[in-house]
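Work through these exercises with the structure open beside you. Try each task before you read its solution.

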Amino acid sequence: MKVGVLTGGGDCPGLNAVIRAVVRKGVQEQGHSFVGFRDGWRGPLENDTTPLGVDEVRGILPRGGTILGSSRTNPFAIENGVERIKDNLAAQGCDALVAIGGEDTLGVATQLAELGVKVVGVPKTIDNDLSGTDFTFGFDTAVNIATEAIDRLHTTAESHHRVLVVEVMGRHAGWIALHAGLAGGANIILIPERPFDIDTVCAQVESRFATHFSPIVVVSEGAVPADGTGMTLHSGEKDAFGHVRLGGIGDRLASEIEHRTGQESRAVVLGHVQRGGTPTAFDRWLATRFGLHAIQAVHEGDFGTMMALRGTDIVRVPLAEGTGELKLVSPELYEEAEVLFG
Ligand code: F6P
């Protein structure tokens, strides 16, 4: 079989580990050949390919980013996008496709599978918000980077008696904020699932100073103030999937806290640092196993499926199940952490 591989959406540590596992097992054990499509769905849409064999995947296991490139191209937002993809797959002689991506990339894969494209999905996102799988690779790396940042910021916060607000990624779900906040001993964690009350945040800041310690506030980029609390946010431009480009809540929050409490407050936005560089051992392990299982699914002709981690097992779930609904932080999980706030 000739199999196409693509990586779409935000880059994520572990993408190269998946590509390597797919190709190594596919070539060496199953006798398949591969072609890489560049930049997510843009590749099959524009027939932009790159050779992909064992030589091309040597040495890439620990490398961040993706050797195939990525984009947020949405073929369903482009005229004749689906027909062009089908034609280009046929022109390449591609019998099947491995799509590695998050909610948007796999959402497209789900729709294409329903239209007859033979596709298998591998879930990736540092946000960890895909349902159907316990974890996505990239998340553990992002949490470790954010935790190290919080550890380092504690010393400046204490030395200067400042509030330090750390903005982490997480558009719809607060998994990075919750895990890194707990691991780093943050005093307040704000997530998209639970709109915050700025008065409560300020009271927690003041109670922390009252014990002669300085507060660290971890906030997801998608966190929002509760209605009627007097804080407003700016909205930015949208991408091809209709998502607003986020970023800015950290600065807004720091100035609001300083204004309301009189305590000096600074914001640190971790941004793409969280997605960069080498994956942790856990993410390499998970990405490699996802890749090995994905090419096995292709080999068996089990299309329209997505690889998922359940406990320590890799299982296959229907793509629609993995992308139908976002996995959010439950109120119970958030309340468990809340006892440590302030
Ligand atoms: O989907 C992963 C993610 O890192 C989100 O946490 C974040 O909102 C988004 O990508 C940022 O995307 P971009 O790098 O395209 O601005």
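**Exercise 1.** How far apart do the C-alpha centres of domain 1 and domain 2 lie?

*Solution.* Start with the ground rules. This is a predicted model, in which local features need pLDDT of at least 70 and side-chain atom pairs count only at pLDDT 80 or more, while totals for chains, interfaces and linings use all residues. Residues are numbered from 1 along each chain as its sequence is written, and side-chain values use heavy atoms, with hydrogens and water left out.

Next, find the domains. Domain 1 covers 2-137 + 279-323, and domain 2 covers 139-276. These bounds come from an automatic or database domain assignment. Their C-alpha centres lie 32 Å apart.

**Exercise 2.** Describe the contact between domain 1 and domain 2.

*Solution.* Step one: count residues. Domain 1 gives 23 residues and domain 2 gives 20; contact means heavy atoms within 4.5 Å.

Step two: take the area. The size of an interface is often given as the accessible area lost when the parts come together. Here about 1,700 Å² is buried between domain 1 and domain 2, and carbon and sulfur atoms give 56% of that. The area is found with a 1.4 Å probe and summed over both parts.

Arg 72, Ile 126 and Asp 127 supply 34% of the area that domain 1 buries against domain 2, more than any other three residues.

**Exercise 3.** How many salt bridges does the rule find across the interface of domain 1 and domain 2?

*Solution.* Apply the rule: a side-chain nitrogen of Lys or Arg must lie within 4 Å of a carboxyl oxygen of Asp or Glu. Across the interface, one salt bridge passes. Arg 275 and Asp 11 also form a salt bridge through their side chains, at 2.9 Å from N to O.

**Exercise 4.** Which residues are around the ligand?

*Solution.* The list is Arg 72, Ile 126, Asp 127, Met 169, Gly 170, Arg 171, Glu 221, His 272 and Arg 275.

Now look at polar atoms. A polar side-chain atom of Arg 72 lies 2.8 Å from a ligand oxygen. For Arg 275, a polar side-chain atom is also 2.8 Å from an oxygen atom of the ligand. In His 272, a side-chain N or O atom is 2.7 Å from a ligand oxygen.

Note on methods. Buried area = accessible area lost by both parts, 1.4 Å probe. Near = heavy atom within 4 Å. Polar contact = N/O pair within 3.5 Å; in protein donor to acceptor, adjacent residues only side chain to side chain.
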